[in-house]
Amino acid sequence: MSRFTQRMGALLAAATVAAALGACSSEAEPTASGESAAPASTTREITDASGAKVTVPSAPKNIVALAETDLDAALALGVTPIGASKSRQGDSVAGYLAPQLPNVKLVGEIVEPNIEAIATLDPKPDLILYGHFLDPDPAQIKDLNAIAPTVITSMVDSTWKDSLKGVANALNLEAKATEVLAAYDKKVTDTKAAIAANGAAKVSLVRWNPQGPSYLQKQHFSSTIVEELGLKRPDAQLTEGTGPSDPVSLEKLDVLDADYIFLGTLNNDGAAALEQAKANASWNQLGAVKANKVVAVDGVPWTSRGGPIAAGIVLDDITKTLKG
């Protein structure tokens with residue numbers, strides 16, 4: 001089936017869904033006396049991260065999360081989505097979230113949602129969360145809005161805390177988000193106390209890809225957590241950006257060196273590339289390697305765009321490594 005045919009089929013299905021929902025919403029509920037009463041308001045208008053006005057259900061029940069950071073945030077807020085994108089780890093959601101989502105339906109890749117899969121979900125979605133690390137795609141937004149109200153929860157330069165607030169805004173759970181952030185702040189305080197003896201340590205944050213290693217730039221998710229703890233980074237890693245750096249050549253691996261290297265991969269290809277690199281003389285000359293202070297971490301919560309649950313994992317790993 002061609003991509004065009006798939007898209008048209010999905011849009012037709014979406015139109016059918018929208019028509020059915022419209023018919024349902026226009027019918028007033030009968031009263032005990034048999035008279036029709038005006039339905040109570042079940043929607044509200046919000047402003048999403050892009051500045052767009054979106055009418056969403058006041059209490060959405062069937063939610064699709066297209067980004068890991070939104071999936072993480074929704075779970076932290078006590079909401080279990082019915083659909084989510086695949087993780088780059090494989091044919092499932094992110095491993096660290098999977099145990100909480102035994103029945104979730106996969107609806108495409110992180111940056112390429114499967115419109116037909118979303119339109120044919122059962123139950124039908126009533127809200128789609130569209131958080132992205134790329135600029136929003138207007139064509140995708142149009143197709144998704146034909147299925148259910150679609151809320152852009154974050155923009156490329158949004159922090160994970162802003163993303164959480166964007167999800168809470170869509171779900172009408174702002175007070176719960178405040179509680180989640182307060183719990184995070186307390187965990188940061190506790191972690192700083194636990195690692196005080198190593199508070200002056202310099203840490204390197206690295207993702208190893210099939211193309212080679214990248215360090216996490218200054219505004220990256222994990223970088224912001226490390227900064228809140230007061231830990232130092234190698235000067236060369238303090239480049240501006242919310243994502244990983246360009247690949248570092250094996251001849252310049254000294255950029256990765258520090259007192260501790262927190263090192264993650266996203267999939268088996270990255271792990272295989274790392275194993276090959278360990279035979280490289282430059283790798284074995286790094287101070288952290290010689291001191292046996294390379295810490296293997298889960299690359300998804302550490303090196304992707306995470307949420308409150310991922311932040312907790314990062315803090316726990318740092319505590320285990322640096323506590324006195």
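Where is Leu-134 found? Leu-134 sits in the loop between strand E6 (127-131) and helix H4 (138-145); helices (H or I, at least four residues) and strands (E, at least two) are DSSP runs, numbered from the N terminus.

Before going on, a word on the model. It is a predicted one, where local features need pLDDT of at least 70 and side-chain atom pairs count only at pLDDT 80 or more, while totals for chains, interfaces and linings use all residues. Residues are numbered from 1 along each chain as its sequence is written, and side-chain values use heavy atoms, with hydrogens and water left out.

**The whole chain**

The secondary structure comes to 12 helices and 11 strands. Of the 324 residues in the chain, 46% are buried. Buried here means under 20% relative accessible area, exposed means over 50%, and partly exposed is in between (1.4 Å probe, protein chains only). The chain exposes about 15,400 Å², and carbon and sulfur atoms supply 53% of that. These areas come from the Shrake-Rupley method with a 1.4 Å probe; for residues, only the protein chains shown count as cover. Now for contacts, meaning heavy atoms within 4.5 Å. Among those with a separation of 6 or more, 64% are between residues 24 or more positions apart.

Together with Val-111 and Phe-133, Leu-134 forms a nonpolar patch on the surface, with about 220 Å² of accessible area between the three. Patches are made of residues with over 30% relative accessible area and no salt bridge: nonpolar side chains (Val, Leu, Ile, Met, Phe, Trp, Tyr) are joined within 5 Å, like charges within 9 Å.

At the start of H4, a side-chain oxygen of Asp-137 reaches to within 2.9 Å of the backbone nitrogen of Ala-139. Which residues of H4 are buried? They are Gln-140, Ile-141, Asp-143 and Leu-144. These residues cover an arc of only 165° around the axis, so they end up on the same side of H4; the arc is that of the directions from the helix axis to the C-beta atoms. The face of H4 turned away from the buried side carries the exposed residues Pro-138 and Lys-142.

**Salt bridges**

How many salt bridges does a search of the whole structure find? The search turns up 8, each one a side-chain nitrogen of Lys or Arg within 4 Å of a carboxyl oxygen of Asp or Glu. Here are some of them:

| Pair | N to O |
|---|---|
| Asp-91 and Lys-86 | 3.3 Å |
| Lys-86 and Glu-109 | 3.7 Å |
| Glu-228 and Lys-161 | 3.2 Å |

Lys-86, Asp-91 and Glu-109 are linked in a network of salt bridges. Asp-91 counts as exposed, at 65% relative accessibility, whereas Lys-86 is partly exposed at 21%. Lys-86 forms its salt bridge with Glu-109, and that pair links distant parts of the chain, 23 residues apart: Lys-86 is in the loop between strand E4 (83-84) and strand E5 (105-106), and Glu-109 is in the loop between E5 and helix H3 (115-119). Glu-109 is partly exposed, at 37%.

Then there's the salt bridge between Glu-228 and Lys-161. Glu-228 lies in helix H7 (residues 221-228) and Lys-161 in helix H5 (residues 160-171), so the pair ties together parts that are 67 residues apart in sequence.

Key. Polar contact = N/O pair within 3.5 Å; in protein donor to acceptor, adjacent residues only side chain to side chain.
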